[in-house]
Amino acid sequence: MIFPDKRTIERIRKEYPPGTRVELVEMDDPYSGLQPGDKGTVKFVDDAGTVFPNWDRGGSLGLVYGQDRYRKVVE
């Protein structure tokens, strides 16, 4: 697992502040129940750079820096 440095974490927090809409592109977790295209609203970014959204379909599984792929949704 890759842990980002403090500068990277601050960049992630600025790019994905609370309220930002995100869309899952890819997650290698067959037990998550999430699928590419699922959307959610960011609650916070933790000290490891993990983005935690409230998923529209329920749940709040985090998006791991350097492992999961996701993008900001412009609505």
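Modeller: Let us begin with exposure: a residue is buried under 20% relative accessible area, exposed over 50%, and partly exposed in between, using a 1.4 Å probe and protein chains only. By that rule Glu-10 is partly exposed, because its relative accessibility is 40%. This is a predicted model, in which local features need pLDDT of at least 70 and side-chain atom pairs count only at pLDDT 80 or more, while totals for chains, interfaces and linings use all residues. Residues are numbered from 1 along each chain as its sequence is written, and side-chain values use heavy atoms, with hydrogens and water left out.

Colleague: What pattern does the protein chain follow along the sequence?

Modeller: Helices (H or I, at least four residues) and strands (E, at least two) are DSSP runs numbered from the N terminus. The protein chain has one helix and four strands, arranged as α-β-β-β-β. Of its 75 residues, 36% are buried.

Colleague: How many salt bridges does a search of the whole structure find?

Modeller: Side chains of opposite charge can pair when their charged atoms come close. The criterion for a salt bridge is a side-chain nitrogen of Lys or Arg within 4 Å of a carboxyl oxygen of Asp or Glu. The search returns seven.

Colleague: With which residue does Glu-10 form a salt bridge?

Modeller: The partner of Glu-10 is Arg-13, with 3.2 Å between the closest N and O atoms. Both belong to helix α1 (residues 6-15), and because they are three residues apart, about one helical turn separates them. Arg-13 is partly exposed, at 27% relative accessible area.

Colleague: Which side chain meets that of Arg-13 in a salt bridge at 2.8 Å, N to O?

Modeller: That side chain belongs to Asp-47. This pair links distant parts of the chain, 34 residues apart: Arg-13 is in helix α1, and Asp-47 is in the loop between β2 (39-45) and β3 (51-55). Asp-47 is exposed, with a relative accessible area of 66%.

Colleague: Is Glu-23 buried or exposed?

Modeller: Glu-23 counts as buried, at 17% relative accessibility. Its side chain forms a salt bridge with Arg-71, the closest N and O atoms being 3.4 Å apart. Glu-23 lies in strand β1 (residues 21-26) and Arg-71 in strand β4 (residues 69-72), so the pair ties together parts 48 residues apart in sequence. Arg-71 is partly exposed, at 44% relative accessibility.
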